[in-house]
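The sequence and the structure are shown first.

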Amino acid sequence: MSGNLYELFQARFPADRARAFIELADGRVYSYGDLEDISGRYARLLTDLGAAGGERVAVQVENSPETIFLYLACLRAGAVILPLNPAYTTAEAGYFLGDAEPRIVVCRPEIEDAVREIAGAAQVLTLDREGGGSLPEGARDLTPMEDCATVDAGSIAALLYTSGTTGRSKGAMLSHGNLASNALALHEIWGFAPDDVLLHALPLFHTHGLFVATNCVLLNGTGMMFLPKFDAGTVVKLLPRASVMMGVPTFYTRLLADPGFDAQTCRNMRLFISGSAPLLEETFHAFKARTGFTILERYGMTETGMNASNPLDGERIAGTVGFPLPGVEVRVRGEDGQVLERGGVGVLEVRGPNVFSGYWRMAEKTKAEIRPDGYFVTGDVGKIDARGYVHIVGRAKDLIICGGFNVYPKEVELCIDRIDGVAESAVIGIPHADFGEAVVAVIKRKAKHPDLTAETVIAACKGELANFKVPKQAHFVDNLPRNAMGKVQKNELRERYTTP
Ligand code: AMP
């Protein structure tokens with residue numbers, strides 16, 4: 001076996017290739033035989049078009065089974081997949097294409113002409129959400145590739161661009177070995193069993209949907225119920241046929257908002273997993289009260305895949321992300337550069353076989369963020385408590401320095417979230433003439449409490465927090481701005497509330 005991730009999956013495919021791999025809500029089923037056939041023909045086409053040998057294949061399409069087959073085809077061909085959010089405008093996508101110089105771009109047919117203008121020398125193919133387009137057409141009559149490209153584990157399998165909320169977006173190079181080690185660790189610690197069925201409704205342009213969810217299923221050789229988009233009503237209908245679900249916190253809040261979602265819906269479930277953004281403690285407890293299930297929260301990022309997870313057996317603690325994965329080390333570094341003891345708050349650093357190979361064509365950035373001893377500086381601020389649970393307090397760039405004192409937004413958010421009438425909150429720092437930065441709270445009220453005022457919020461914080469942490473202003477919004485993974489867009493809030 002070479003280091004090709006596809007070979008690891010293939011060794012675990014069910015002997016009976018007629019077994020289901022993907023089932024859609026409309027009843028369509030794709031078997032493991034279909035997986036091999038379709039990804040094999042796509043791989044042949046990619047190879048014929050010169051994408052083997054580490055050339056990039058940019059993919060900006062909607063979620064569909066064919067998107068997963070295209071991912072597998074890239075692995076098989078030895079090409080590097082570069083998934084892009086379909087919501088990116090052509091101008092935004094143009095930056096990534098210019099930077100990554102792909103050999104092939106696969107896009108939705110509607111934007112084909114626009115993509116051709118920015119694709120440079122790349123060949124442009126199309127794939128629509130129904131599985132049609134010039135990619136499947138071009139591959140239809142080809143002989144499927146039987147095996148796959150021989151690559152070593154260090155070869156790059158994927159180029160995933162970080163969200164780029166600070167400065168230029170960077171392409172994280174993930175190797176076959178990075179992805180394999182992480183998938184094996186997750187498959188083991190989450191106890192995947194031969195009868196598991198995953199409910200998958202996550203975007204495939206992000207590590208969560210493309211790798212965490214999909215790779216666990218592939219390693220398990222079992223099936224998934226696949227939804228191109230999360231929709232609470234459809235999930236409630238399909239959940240009785242699933243045993244594991246992976247989601248971002250918004251999936252869980254939306255399920256709780258659906259009166260049809262109850263313990264009966266979850267009768268065949270064994271595990272609900274959450275990640276990519278912090279799960280509110282309120283959601284954790286409300287979910288337990290409604291369904292009897294304790295959501296398992298885990299923590300990861302584009303550059304590293306998953307780093308830590310609450311335990312399958314053992315206590316899952318709300319507001320924590322659990323223990324480092326097997327083979328993964330996590331340490332905390334304080335402002336003075338010292339590695340901190342348990343309990344100390346600082347920037348989390350991660351080392352292990354999951355840590356990416358570096359940023360695409362950014363040697364300096366890579367050097368700045370991967371230390372000589374192999375630890376990657378995550379940019380997340382957190383701590384490891386006395387029992388070894390990892391806690392995340394926020395992003396380092398979101399840290400607020402008010403009058404020379406550090407304010408961790410999470411601490412203020414937790415305080416605000418406890419106030420009667422608050423649904424959720426985001427705490428940001430905005431420039432302030434005296435203090436450097438001022439703490440500002442942005443709050444979504446609960447529907448039943450339209451009268452909640454800024455004065456009430458500020459007064460409640462005064463009773464609980466040191467003065468420098470108390471918000472100087474509180475603003476109310478209908479909804480906090482979130483990206484596709486449910487992360488609150490603090491940049492946008494900072495811009496909105498900074499007075500020029
Ligand atoms: P991304 O690279 O888009 O996957 O974003 C990674 C970032 O999401 C991490 O660096 C964290 O800041 C955040 N994140 C992921 N999982 C969690 C979690 N369970 N709790 C809090 N933040 C999280």
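Which residue stands opposite Pro 83 in S4? The model is predicted, and in it Val 59 stands opposite Pro 83 of S4.

Strand S3 (residues 56-60) and strand S4 run parallel and are joined by 4 bridges. Between them the chain passes through H3, and this β-α-β crossover from S3 to S4 is right-handed. In a regular strand, side chains alternate between the two faces of the sheet. In S4 (residues 80-83), Val 80 and Leu 82 point one way, while Ile 81 and Pro 83 point the other way, and all are buried.

Helix H3 also packs against helix H8. Two packed helices are described by the angle between their axes and the distance between the axes. The table gives the elements concerned and their values.

| Item | Value |
|---|---|
| Helix H3 | residues 65-77 |
| Helix H8 | residues 207-220 |
| Angle between H3 and H8 | about 80 degrees |
| Distance between the axes of H3 and H8 | 12 Å |

H3 and H8 are therefore roughly perpendicular to each other. On the H3 side, Ile 68, Tyr 71 and Leu 72 meet Leu 210, Phe 211, Thr 214, Asn 215 and Leu 218 of H8. The residues of this contact comprise 6 nonpolar, 2 polar and no charged.

Elsewhere, Thr 143 lies in the loop between helix H6 (134-139) and strand S7 (156-161). Thr 143 has a relative accessible area of 55% and is therefore exposed. Leaving aside neighbours within four places in sequence, Thr 143 is in contact with Arg 41 and Arg 44. From C-alpha to C-alpha, Thr 143 and Pro 249 are 43 Å apart in space, and they are 106 residues apart in sequence.

Technical notes
Residues are numbered from 1 along each chain as its sequence is written. This is a predicted model: local features need pLDDT of at least 70, side-chain atom pairs count only at pLDDT 80 or more; totals for chains, interfaces and linings use all residues. Side-chain values use heavy atoms; hydrogens and water are left out. Axes are lines fitted to C-alpha atoms, for helices over the stretch in contact, and angles run from 0 to 180 degrees between N-to-C directions. Helices (H or I, at least four residues) and strands (E, at least two) are DSSP runs, numbered from the N terminus. Angles under 35 degrees count as roughly parallel, over 145 as roughly antiparallel, 65 to 115 as roughly perpendicular and the rest as oblique. Contact means heavy atoms within 4.5 Å. Ala, Val, Leu, Ile, Met, Phe, Trp, Tyr, Cys and Pro count as nonpolar, Asp, Glu, Lys and Arg as charged, and the others, Gly among them, as polar. Buried means under 20% relative accessible area, exposed over 50%, partly exposed in between (1.4 Å probe, protein chains only). Two strands pair if DSSP finds at least two bridges between them. A crossover is right-handed if, with the strands pointing away from the viewer, the path from the first strand over the helix to the second runs clockwise.
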